[in-house]
Amino acid sequence: PTFKSTGLKKFIASDEWQRHIAPDIEFYKAAHKSLDRTIEALGRTEFEAKLATFRKTLKLAARNCEGRVKTMCTNGGKRIFPKNTTCYIWGEGCDHDCIDELDI
């Protein structure tokens, strides 16, 4: 959250919380290290080019799918029956139809 109460700040800084999240922090660091090694192996230039293509495709998908995706819940949080959604199962793959239409 952008706003943190004094109590929340104190709890986040506490030894108790830091011990609780230590495994997550280690996992996060290991994932970043692995990603850095993968980028190094691929080559920074090739990685940046593939990342640019990915981001361009993501924008194209967002434009193509805008207003067409029917999720499992309304904006108010009311459940929608599965036959009235565009999801594969639960809330997964709700945008597959419009993404499948992309010519990429």
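Surface patches join residues with over 30% relative accessible area and no salt bridge, like charges within 9 Å and nonpolar side chains (Val, Leu, Ile, Met, Phe, Trp, Tyr) within 5 Å. The model is predicted: local features need pLDDT of at least 70, side-chain atom pairs count only at pLDDT 80 or more, and totals for chains, interfaces and linings use all residues. Residues are numbered from 1 along each chain as its sequence is written, and side-chain values use heavy atoms, with hydrogens and water left out.

**View A. A nonpolar patch formed by Leu8, Phe11 and Ile12.** The patch covers about 210 Å² (Shrake-Rupley method, 1.4 Å probe; for residues, only the protein chains shown count as cover). Leu8 belongs to helix H1, residues 6-13 (helices are DSSP runs of H or I, at least four residues, numbered from the N terminus). With a relative accessible area of 31%, Leu8 is partly exposed (between buried, under 20%, and exposed, over 50%).

**View B. Contact between Phe11, Ile12 and Ala13 of H1 and Asp15, Glu16, Trp17 and Gln18 of H2.** Contact means heavy atoms within 4.5 Å.

**View C. A salt bridge between Lys50 and Glu46.** The N to O distance is 3.8 Å (a salt bridge is a side-chain nitrogen of Lys or Arg within 4 Å of a carboxyl oxygen of Asp or Glu). Both residues lie in helix H3 (residues 44-65), 4 residues apart, about one turn of the helix. Lys50 is partly exposed at 48% relative accessibility, and Glu46 is partly exposed at 38%.

Definitions and conventions:
Helix = DSSP H or I, 4+ residues; strand = E, 2+ residues; numbered from the N terminus. Buried < 20%, exposed > 50% of the residue type's maximum accessible area, 1.4 Å probe, protein only.
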